[in-house]
Amino acid sequence: MMPAGPSSALGQLLSRFGSEVIATSADVLAGISVDHRKLYPGRALALALPRSTSEVADILKFCNALRIPVVPQGGNTGYCAAGTPDDSGTQLVMSLRRMNRIRGVEPLNNSLVVEAGCILKEIQRAAESVDRYFPLSLGSEGSCTIGGNLSTNAGGVNVLRYGMTRDLTLGLEVVLADGRVISSLSALRKDNTGYDLRQWFIGAEGTLGVITAASLKLFPLPKRHGTAIVAVPSVKDAVELLAKLRAGSGDRVSSFELLPRAALELVERHLGARVDISASSHWCILCEVSSSDADDPIEERLASLLEAAMETGLITDALLAQSERERSAFWFIRENIPEAQRRDGPSVKHDVSLPIDRLAEFVDRASDWVVTHVPEGFLVCYGHVGDGNLHFNINQSGETAGKSLLAREPEIRRAIHDLVQEYRGSFSAEHGIGRHKVAELERYADPV
Ligand code: 2HG
Ligand code: ZN
């Protein structure tokens with residue numbers, strides 16, 4: 001069959017599925033055609049809003065026959081433009097947002113089955129309602145959807161203890177491009193029956209099929225937390241501190257986040273939230289240990305581990321959250337770094353990961369490079385040190401208004417990613433490829 005041109009493709013979609021399922025209004029299309037950072041404006045043919053797996057299957061089969069490209073979209077909170085159309089006007093965006101049912105929760109099996117359009121926060125709440133924990137947690141959890149989390153293998157702030165989305169997945173339901181459905185919503189921990197097809201679709205960004213539902217792992221609900229912001233003399237000390245906290249807490253560190261002074265200043269300036277920690281140190285860490293045992297004084301354990309670290313000079317200051325309110329205030333600061341960065345102006349972002357034992361050396365070399373070569377920017381390097389994942393971001397500096405940092409993005413990105421490659425790291429730790437990093441994939445991935 002000949003590929004359908006845009007107008008005839010749209011006419012055929014509308015007559016087959018109706019305006020209930022195929023939205024075409026300019027307002028609606030404007031919102032779904034650009035990524036949330038508005039760096040990749042696109043133009044969609046239309047928006048498909050299927051209500052069931054069989055409707056997804058019918059639409060994909062139809063589009064496959066007519067050669068209409070389909071771009072699946074979750075909450076559109078991604079950083080790499082994986083869920084938005086190009087500017088050809090020929091691509092059908094398929095949002096899974098109407099498929100947002102929690103199909104079942106099985107506390108004794110420590111699992112639940114959810115549809116792709118479920119908002120991450122709702123899944124966390126469903127788990128909590130049966131005294132269980134779904135540990136995937138990220139700043140956009142109030143609006144991102146599990147379909148997007150799965151398709152990008154999202155990471156977040158608890159990877160250190162619980163793993164990435166891939167590690168939290170027991171089974172999937174996926175519709176292939178020709179409309180066939182792979183229904184594998186297993187809740188089994190052990191299933192050695194040949195190929196593990198799930199892994200092809202997790203992190204595949206919708207290139208191999210559309211995930212419509214997933215069976216996910218649950219854990220005992222943490223009942224007590226020890227949370228602290230500490231000042232460390234260097235990133236090297238931070239890495240050493242992590243090892244000490246892991247060993248000393250019975251490996252119960254769930255988060256270990258690097259917060260540079262520049263990020264704390266941005267959050268204070270743009271969101272009015274501040275933390276009263278020694279201003280002399282360039283680096284801070286937000287760390288959290290947690291226990292599902294309500295009688296376990298895990299916060300006291302953290303306090304004594306930090307005291308020991310202070311005596312040896314591994315940390316220079318520490319603030320322990322004394323209440324749930326203080327704990328949320330600490331997390332508010334961490335989670336709002338991207339928002340504060342956005343409010344401050346344009347930025348060039350690198351979502352990289354390194355072997356943890358080479359992280360400090362990388363930060364030193366890459367920071368020196370930025371200072372020497374990017375006078376129009378300043379570094380805001382933060383992130384999930386516990387996983388070796390840094391958001392090595394550079395913001396436009398106010399003093400050099402007029403000179404555009406963004407215009408230099410390709411050159412800056414190349415230098416940083418080449419250095420990452422030298423350290424055997426990854427140019428995409430947790431945000432994916434999308435349209436943003438296709439060239440990087442071609443440059444750095446193994447050609448075989
Ligand atoms: C985070 O860790 C997100 O806050 C966003 O992954 C990172 O904005 C970024 O670069
Ligand atoms: Zn992150």
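This is a predicted model: local features need pLDDT of at least 70, side-chain atom pairs count only at pLDDT 80 or more; totals for chains, interfaces and linings use all residues.
Residues are numbered from 1 along each chain as its sequence is written, and ligands are numbered from 1 in the order in which they are written. Local features need pLDDT of at least 70, side-chain atom pairs count only at pLDDT 80 or more, totals for chains, interfaces and linings use all residues, and side-chain values use heavy atoms, without hydrogens and water.

Q: Which residues coordinate the zinc ion (ligand 2)?
A: Donors are N, O and S atoms within 2.8 Å of the metal (3.2 Å for Na, K and Ca); water is not among the atoms, so the site may look incomplete. Along the chain the donors follow the spacing H-x6-H-x38-E. At 1.9 to 2.2 Å, the coordinating residues are H384 (NE2), H391 (NE2) and E430 (OE).

Q: How many residues apart in sequence are the parts that H384 and E430 tie together?
A: H384 lies in strand β18 (residues 377-384), a DSSP run of E of at least two residues. E430 lies in the loop between α14 and α15 (438-444), helices being DSSP runs of H or I of at least four residues. The pair therefore ties together parts separated by 46 residues.

Q: Is R413 buried or exposed?
A: R413 is found in helix α14 (residues 409-422). Buried means under 20% relative accessible area, exposed over 50%, and partly exposed in between (1.4 Å probe, protein chains only). The relative accessible area of R413 is 12%, so R413 is buried.
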